[in-house]
Amino acid sequence: MSTISLRIEFGGGLELLFDNKRSYRIDVPSLVPKDNSTDAENLSTKETKPVDVDYLIHHMRDNMLKERVELFMEKDTVRPGILVLINDTDWELEGEGEYRLKDGDEVVFISTLHGG
């Protein structure tokens, strides 16, 4: 199975949910289940799609997030107040979760919510 390499960055306190690491380099499969399930078993029996940001968010939740999923995700996407940049561009301009990831992409997650 082929994979793509990504750089993941966190800011605004989100790194605290991800083992207090601000930066990761990860490899994800280039083809993933359409339902975004991250269970690698039985992939051959599932309908697949090219890896996109929606899948990446689920992968991060299931494999990288250390605590408090509700501070990172709401429903099937990142919660409001988290800015997502793909190669320094707001993900809203790139198609949000439908953006097809490419080898070498950088995805940055920044919390814009602060207590007070």
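This is a predicted model: local features need pLDDT of at least 70, side-chain atom pairs count only at pLDDT 80 or more; totals for chains, interfaces and linings use all residues.
**Entry 1**

How many aromatic pairs does the structure hold? I get five. Phenylalanine 10 and tyrosine 24 make up one of them, edge-to-face, with 6.0 Å centre to centre and 90° between the planes. Phenylalanine 10 belongs to strand E1 and tyrosine 24 to strand E2, so this pair ties together parts 14 residues apart in sequence.

**Entry 2: Phe18 and Phe72**

Then I checked another aromatic pair, phenylalanine 18 with phenylalanine 72. It is also edge-to-face: I have 5.2 Å centre to centre and 80° between the planes. What does this pair tie together? Phenylalanine 18 is in the loop between E1 and E2, while phenylalanine 72 is in the loop between H1 and strand E5 (73-74), so the parts joined are 54 residues apart in sequence. Buried or exposed? Both phenylalanine 18 and phenylalanine 72 are buried.

I also looked at how the rings group, and found Phe10, Phe18, Tyr24, Phe72 and Phe109 in one aromatic cluster.

**Entry 3: the core**

On to the largest nonpolar core, where I have 30 residues. Which of them touch the most other members? My list reads Ile8, Phe18, Met60, Phe72, Leu101 and Phe109. Strand E1 (3-11), strand E2 (23-29), helix H1 (53-63), strand E7 (82-86) and strand E9 (106-111) each put in at least two residues. H1 gives the largest share, five residues. As background, nonpolar side chains in soluble globular proteins tend to be buried together.

I followed up on methionine 60. Skipping its neighbours within four places in sequence, I find methionine 60 in contact with Ile8, Phe10, Phe18, Leu65, Phe72 and Phe109.

**Entry 4: Asp52**

Buried or exposed? I have aspartate 52 at 7% relative accessibility, so it counts as buried.

What does its side chain reach? The side chain of aspartate 52 gets to the backbone nitrogen of aspartate 54, at 3.4 Å. Again leaving out neighbours within four places in sequence, I noted contacts from aspartate 52 to Asn36, Gly97, Glu98, Tyr99, Arg100 and Leu101. Leu101 was already in my notes, from the list of core residues touching the most other members.

Notes
Residues are numbered from 1 along each chain as its sequence is written. Side-chain values use heavy atoms; hydrogens and water are left out. A nonpolar core is a set of buried Ala, Val, Leu, Ile, Met, Phe, Trp, Tyr and Cys residues joined through side-chain atoms within 4.5 Å. Buried means under 20% relative accessible area, exposed over 50%, partly exposed in between (1.4 Å probe, protein chains only). Helices (H or I, at least four residues) and strands (E, at least two) are DSSP runs, numbered from the N terminus. Contact means heavy atoms within 4.5 Å. Rings of Phe, Tyr and Trp (its six-membered ring) pair if their centres lie within 6.5 Å; planes under 30 degrees apart count as stacked, over 60 as edge-to-face and the rest as tilted. A polar contact is a pair of N or O atoms within 3.5 Å; within protein, one must be able to donate a hydrogen and the other to accept it, and residues adjacent in sequence count only if both atoms are side-chain atoms.
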